[in-house]
Amino acid sequence: MDDVRPSAMAKLTIDLRAIAKNWQTLNGISGAAGAAIKANAYGCGAREVAKALFETGCRDFFVANWVEADALKDVVPQNHISVLNGIDEQNLEYAMAHAFKPVLNSPAQIAMWRDINAPCDVMLDSGINRLGQTGCDSTLFDGLDIDILMSHLASADEDVKQNHNQVACFKAAASTIASRRKSLANSAGIMLGKDYHFDISRPGISLYGGVVRPELSDIIAPVVSIHARVLQVRIVAKGAPVGYNATYKCPNDTRIATIALGYADGYLRGFSNKGAAKFNGKILPVIGRVSMDLITLDAAQALSIQEGDWVQIDYDLCSASQTSGLSQYELLTGLGHRFARQYV
Ligand SMILES: *Cc1c(COP(=O)(O)O)cnc(C)c1O
């Protein structure tokens, strides 16, 4: 029967109201905020997130490339979407047929766009030394219709002199270039104070629950949660190993629950012998190595757990980042495609 559908064994729940609330919080602190929705909105679903944030009042969206922009062409007005990687020969025809704004990063990109006479954004490199126009003579920008003139902070999650250097560099360069708006701060940069706010901020990670500076911990709501099915429960004898390469040996006879989640879902091997799940309020530590499709939990605390139950995976971004050695960005953007996604 074609109308009978298989069902996933792991669920990813994405709280769009929490994303909207986080945007309102960051919009309030910074005076005005856009939203970085590149990489499928950090794994949360760019179409769903863009729609929810547009309804909440957000009017500026940042994607990495033209394929990501294309996926949003019928979701929010195209001229509200900035393409951070800028323009190239291969995408020029597409760009001319659409109203998205390229973020021009180099003299070659500027030359390519100048004759097109359509709005654009510009990225100045104020010290990250990665992407953007450096040490520019302002005549380079003559004739461009620049909406957002921006730069990007390298170390906003730290209290270091580089932040002050970048804001000073950006201020000096931006004062010589005509634009409608100026923008510097990402999520962490918003918490560095008014000097960093300019006309519009560009939060990403904190919209999705990321706490990248301590000041954010009380004001940012969690967004993603993961649940996965128990496939089998067994008692493993004292001294017996669990999982690939026997990285765990049971100190006692141990109740083990095997769960339908693995590194193919983005639950990477850094959680081996370190991660945890919850069942009925009890904590079940991950024991043994994370496999592609499976993890094993010490279920000593969960006497009633059985096949078919669901456990909640501990995926608090801050603590999961410390546990796994992955950044909060990697924890979100690495989430795989096997989940049943639920938006609430
Ligand atoms: C990704 C990105 C952001 C958002 O950064 P977060 O640290 O996720 O808040 C802002 N600006 C640019 C240019 C980016 O590439």
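The number of disulfides in the structure comes to zero, in a model that is predicted. A disulfide is a covalent bond between the sulfur atoms of two cysteines, and the criterion applied here places those two sulfur atoms within 2.5 Å. For Cys58, the closest cysteine sulfur belongs to Cys44 and lies 15 Å away, which is too far for a bond. Cys58 is a buried residue, because its relative accessible area is 0%. Cys318 likewise takes part in no disulfide, the nearest cysteine sulfur, again that of Cys44, being 16 Å away. With a relative accessibility of 31%, however, Cys318 counts as partly exposed.

Helix H1, which spans residues 16-30, packs with helix H3, which spans residues 46-56, at an angle of about 50°, and the axes of the two helices are 10 Å apart. This angle makes H1 oblique to H3, and the crossing in which H1 passes H3 is right-handed. On the side of H1, the contact is made by Leu16, Ile19, Ala20, Trp23 and Gln24, while H3 contributes Glu48, Val49, Ala52, Leu53 and Thr56. Sorted by class, the residues of this contact between H1 and H3 comprise seven that are nonpolar, two that are polar and one that is charged.

Helix H2, formed by residues 38-42, includes Asn40, and Ala41 is also found in H2. The backbone of Asn40 has a phi near 55°, which is a positive value in a residue other than glycine. For Ala41, another residue other than glycine, phi is positive as well, with a value near 50°. As regards accessibility, Asn40 counts as partly exposed at a relative value of 37%, whereas Ala41 is buried, with a relative accessible area of 0%.

Two loop residues were also examined. Gly204 is placed in the loop between helix H8 (187-190) and strand E9 (224-236), and its relative accessibility of 2% means that Gly204 counts as buried. When neighbours within four places in sequence are left aside, the contacts of Gly204 are with Ala36, Tyr42 and Ser187. Although Gly204 and Lys51 are 153 residues apart along the chain, their C-alpha atoms are separated by 15 Å. Asp265, in turn, is located in the loop that lies between strand E12 (254-259) and strand E13 (276-279). At 3% relative accessibility, Asp265 is counted as buried. Residues up to four places away in sequence not being counted, Asp265 touches Met292, Gly334, Leu335, Gly336, Arg338 and Phe339.

Leu297 belongs to strand E15, which covers residues 295-298, and Leu297 is buried because its relative accessible area is 0%. Between Leu297 and Ala276, which are 21 residues apart in sequence, the distance from C-alpha to C-alpha is 7.5 Å. With residues up to four places away in sequence again not counted, Leu297 touches Arg255, Ile256, Ala257, Ile259, Ala277, Leu284, Pro285, Val286, Ile287 and Val311.

Conventions. Residues are numbered from 1 along each chain as its sequence is written. This is a predicted model: local features need pLDDT of at least 70, side-chain atom pairs count only at pLDDT 80 or more; totals for chains, interfaces and linings use all residues. Side-chain values use heavy atoms; hydrogens and water are left out. Axes are lines fitted to C-alpha atoms, for helices over the stretch in contact, and angles run from 0 to 180 degrees between N-to-C directions. Helices (H or I, at least four residues) and strands (E, at least two) are DSSP runs, numbered from the N terminus. Angles under 35 degrees count as roughly parallel, over 145 as roughly antiparallel, 65 to 115 as roughly perpendicular and the rest as oblique. A crossing is left-handed if the near helix is turned anticlockwise from the far one by less than a right angle, and right-handed if clockwise. Contact means heavy atoms within 4.5 Å. Ala, Val, Leu, Ile, Met, Phe, Trp, Tyr, Cys and Pro count as nonpolar, Asp, Glu, Lys and Arg as charged, and the others, Gly among them, as polar. Buried means under 20% relative accessible area, exposed over 50%, partly exposed in between (1.4 Å probe, protein chains only).
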